[in-house]
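Sequence and structure come first.

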Number of protein chains: 2
Amino acid sequence: MLSTMQDTPLLVSRILEHGRTVHHRSKVTTWTGEGEPRRRTFREIGDRASQLANALRDELGVTEQSVVGTLMWNNCEHLEAYLALPAMGAVLHTLNLRLPAGQLVWIVNHAADRVILVNGTLLPLLAPLLPRLESVEHLVVVGPGDLSLLDGHRPAVHAYEALLAGRPTTYDWPELDERDAAAMCYTSGTTGDPKGVVFSHRSVYLHSLQVNTTESMGLSSHDTSLPVVPMFHVNAWGLPHAAFMSGINLLMPDRFLQPGPLAEMIESERPTHAAAVPTIWQGLLAELTAKPRDVSSMRQVTIGGSACPPALMKAFDEQLGVRLCHAWGMTETSPLGTVAQSPAGVSGEEEWAYRITQGRFPASVEPRLIGPDGSVMPWDGRSAGELEVRGPWIAAAYYGGAGKEPLRPEDKFSPDGWLRTGDVGVISDDGYLTLTDRAKDVIKSGGEWISSVELENELMAHPDVVEAAVVAVPDERWGERPLATVVLREGATADYRDLLAFLRDRIARWQVPERWAIVPAVPKTSVGKFDKKVIRKAYADGELDVTTL
Amino acid sequence: MLSTMQDTPLLVSRILEHGRTVHHRSKVTTWTGEGEPRRRTFREIGDRASQLANALRDELGVTEQSVVGTLMWNNCEHLEAYLALPAMGAVLHTLNLRLPAGQLVWIVNHAADRVILVNGTLLPLLAPLLPRLESVEHLVVVGPGDLSLLDGHRPAVHAYEALLAGRPTTYDWPELDERDAAAMCYTSGTTGDPKGVVFSHRSVYLHSLQVNTTESMGLSSHDTSLPVVPMFHVNAWGLPHAAFMSGINLLMPDRFLQPGPLAEMIESERPTHAAAVPTIWQGLLAELTAKPRDVSSMRQVTIGGSACPPALMKAFDEQLGVRLCHAWGMTETSPLGTVAQSPAGVSGEEEWAYRITQGRFPASVEPRLIGPDGSVMPWDGRSAGELEVRGPWIAAAYYGGAGKEPLRPEDKFSPDGWLRTGDVGVISDDGYLTLTDRAKDVIKSGGEWISSVELENELMAHPDVVEAAVVAVPDERWGERPLATVVLREGATADYRDLLAFLRDRIARWQVPERWAIVPAVPKTSVGKFDKKVIRKAYADGELDVTTL
């Protein structure tokens, strides 16, 4: 039996028109450093998004499915692009301004961006790349910038405000298929080319509904949210579209992401919510300790990107009365995967045990753990496996490029279509995820998995250990075994046997490494993470002085 | 460009499995009158739903798209059916036990229910109808009841608990199309046959997400909700599926809907939320005034079905500290249409002006007002029109019957597919709906509309008027004009001219009725509403003593 329901598609244009009308009084405040912030209502944002769509179509020839890049900070104009581009049927392609130049060039060419909207302050970054950008016909410069940097380059240059001026504030948004592309974002793995995830109108719409449920962020038009997490990376965790759907006021930090300006804008604009990675909060805490500000307006802060040290969470609780709430996700998950709201009926240490997990899955993100032997592991809080997820806002493939088939690398997607997250963890019987390692770093020893991160944490608990990195090395009998590389503090007296004995008291005997190397420093990646590839190569090349116990 | 997102369908089976696992500790408590309530966890409910699905398939031959009726109160077994039937691909058909026998028979035959799940306490209602139920092959009796009432009737009789006992607690739920039928519910208009609305998995899933957003009901696993509004009518406002999606504990009143038991269960089980029509709250307030109980656990109450008297809302606020929140919807809208959460930045009388509206539209319910001349009216809080809505959980048609085309009566659906709600109202510039009349009762006078309800309210404000009903009557010059029928209090001294003068002070002159009749009583429908059909007929038949001024 077919239902008798309307077959109304889930489209970004509906979010735009809803926010512009029902929530027309909600505000977007963009920080400008010095002077008065730029303040716009949702009605103004909606009107300007319509003007932008008209301008892009009539002046720049942007059509349905044209890819338009944005190289922009979090500001009201970026929100206008977030709404206008998908609504008119074009594809919003957010460009991560932190990527190496070569990757940015590769990404723009692969997505075949016809137009790039760029903040004037980012022209020094973009201009040198222009000779290598093959598809870009137009640049739209948003805000002040040194336009002379663009002299002699091929793309036509437009000023954003001049382009919008006098255009109609309405647009006859097309009735798209909800599975059409709305936006895309490239994720840069540590190996191989960047990979493009193409979000649909359907996935954006459903994700926005979920963000607005009480179990996720639960914000409404009574809130003001400060998305520190960039709109050029994993969609600012879905906040821009979720905000326009339910009238959440936004405080946009633009390029002022240092602790000082953040503290200042929180004190002066009084947001109730913010979202950022742990390092931002670490910096803010230090700033507020050195120079106290009133941040009492914030009742909840969503924190993700990497695990937050529990000490930092407790410091925010106790010193500032602000609740940091873990969330986990990735570009491939739109990104909302889990949120660590506490379950009912717990408090004290029991509640902390939940708060330091990555969080609980919503109904639309179905998880499974694939164990060492390829079987699905139980949710018992102990049995580790690689996390795979399925759901309507989870990627099934990567963009293959214009006219090409999507890419489904088998290390990223299971044969039955689930996303392989590359994260190893456990799930509690009530659906809370705790990540313990990256799949590529876990040590596969005799059909069991040993978490490199857990070994490192235990080793670093030893008073003489400054840093420890554990990697898998080949082993004839067990397949793989852990190699512990350790940096000792100056004047340390501990030797291998002491560390071995220390570990034996704390972890299962079969997990304790036999191979040890004391090193002067752990090699790091450009973003400061342990570079385990380098350690594995050094071991393979015989460049490490390894002691086997 | 196609997105690279997974094409995971939105299915009730996902809601079931999610609630059973992630929210397994959440509880459903069913009131039993005397003695201990029946308490089940979501895990038990999920397990039993699977057992029910196995039993229905293996014993009763229920297949995908079989229609299964439920004639049940709000209780945990009804929730099991709410989950199991759609998840297995069958269609949950909730039967309204308050309907006249003839309508119930018509509905069961039209939907071709193969099986009916019936509470034992409702057998006296069902048994006499059995000879006329053509399609019903099996009855499943839930809870104790007088089975002898079923002797000699054709359907096979099964006891619910015996049917479930020993069945597997898992079921390999089919991967359905999200547009397949999940549930159906008939709406009984005042004219013509009842009309069946067929909800899809997609509409149920999206509606559940919306219910759980902060701007709608905003409940989570920290809440316990008491749905007094029946599951046999407009899906208990979506709470059963929304609850399993986000772990909201449920307190089920079963058949104990009188003020006394309700007060008792609220005091003893401490729900944080409840949902019911105004008459329930009127009764509860009287009960609590006569015999105080502790209802301090309730922080919010959703109220719908008809407009709530502001005095009742204020009494709950002031006497009980419980916030009554208006919602509007109908079977054809799943039913969530609007919810009257206050906007940001208002308080006092300004906030009350919002709270007494029907509420604000969410993004997925797009409204328009069609005015007297067929044009779309502005959202200015003054321009009245018939409310039409569009969205993914709004009906596009009615069920035509097995093998027949859906019905799209033109008084119910516009040519471009919007639902005609039959309600007349205004929308404020920030999307709050105020209903002023039923479209069939509004008086269409010379290209303008006069609200019969507004005239009645003004007339009833006169100290001598007990009741007043205003209907449209044909008028040669204006098309239609209002006829005021008035019931005066005993010993009243007012005459027509006094009432006329009273109205002229309060409403626009052109809206004041010329035709008047003093009547001993206003005729009422079976549910106590003014029966305006009867008045119109009496006028047409010359049976009213009408004075024209």
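Apart from neighbours within four places in sequence, Leu79(A) is in contact (heavy atoms within 4.5 Å) with Val28(A), Ile45(A), Met231(A), Pro240(A), Phe244(A), Leu250(A) and Met252(A). Leu79(A), Met88(A) and Leu79(B) touch the most other members of the largest nonpolar core, which has 167 residues. Such a core is a set of buried Ala, Val, Leu, Ile, Met, Phe, Trp, Tyr and Cys residues joined through side-chain atoms within 4.5 Å. Buried means under 20% relative accessible area, exposed over 50%, and partly exposed in between (1.4 Å probe, protein chains only).

This is a predicted model, in which local features need pLDDT of at least 70 and side-chain atom pairs count only at pLDDT 80 or more, while totals for chains, interfaces and linings use all residues. Residues are numbered from 1 along each chain as its sequence is written, chains are lettered from A and ligands numbered from 1 in the order in which they are written, and side-chain values use heavy atoms, with hydrogens and water left out.

**Interface**

Chain A and chain B each put 79 residues into their contact. The area buried between chain A and chain B (accessible area, 1.4 Å probe, that two parts lose on being put together, summed over both) is about 6,000 Å², and carbon and sulfur atoms give 52% of this area. Met1(A), Met5(A) and Gln6(A) supply 16% of what chain A buries against chain B, more than any other three residues.

Eight salt bridges (a side-chain nitrogen of Lys or Arg within 4 Å of a carboxyl oxygen of Asp or Glu) run between chain A and chain B. One of them joins Arg25(A) to Asp430(B) at 2.3 Å, N to O.

Arg20(B) is in helix H1 (residues 12-21) of chain B; helices (H or I, at least four residues) and strands (E, at least two) are DSSP runs, numbered from the N terminus. Arg20(B) is buried, at 8% relative accessible area. The side chain of Arg20(B) reaches the backbone oxygen of Thr169(B) at 2.8 Å, and a polar atom of this side chain lies 3.5 Å from the backbone oxygen of Gly46(B). Further contacts of Arg20(B) include Phe42(B), Asp47(B), Trp173(B) and Phe244(B).

In chain A, helix H4 (residues 101-111) has buried residues that include Leu104(A), Val105(A), Ile107(A) and Val108(A). The buried residues of H4(A) pack against strands E3 (67-71), E4 (91-94) and E5 (115-119), helix H5 (123-126) and E8 of chain A. Ala112(A) follows H4(A) and has a positive phi, near 60°.

**Salt bridges within the chains**

Over all chains, the structure holds 82 salt bridges.

| Pair | Closest N and O atoms |
|---|---|
| Arg481(A) and Glu514(A) | 2.6 Å |
| Glu77(B) and Arg38(B) | 2.8 Å |
| Arg355(B) and Asp317(B) | 3.0 Å |

Arg481(A) is buried at 4% relative accessibility, whereas Glu514(A) is partly exposed at 23%. Glu77(B) is buried at 3%, and Arg38(B) is partly exposed at 28% relative accessible area. Glu77(B) lies in helix H3 (residues 76-87) and Arg38(B) in strand E2 (residues 38-41) of chain B, so this pair ties together parts 39 residues apart in sequence. In chain A, salt bridges with shared partners join Arg38(A), Arg40(A), Arg48(A), Glu77(A), Glu80(A) and Glu161(A) into one network.

Conventions: A polar contact is a pair of N or O atoms within 3.5 Å; within protein, one must be able to donate a hydrogen and the other to accept it, and residues adjacent in sequence count only if both atoms are side-chain atoms.
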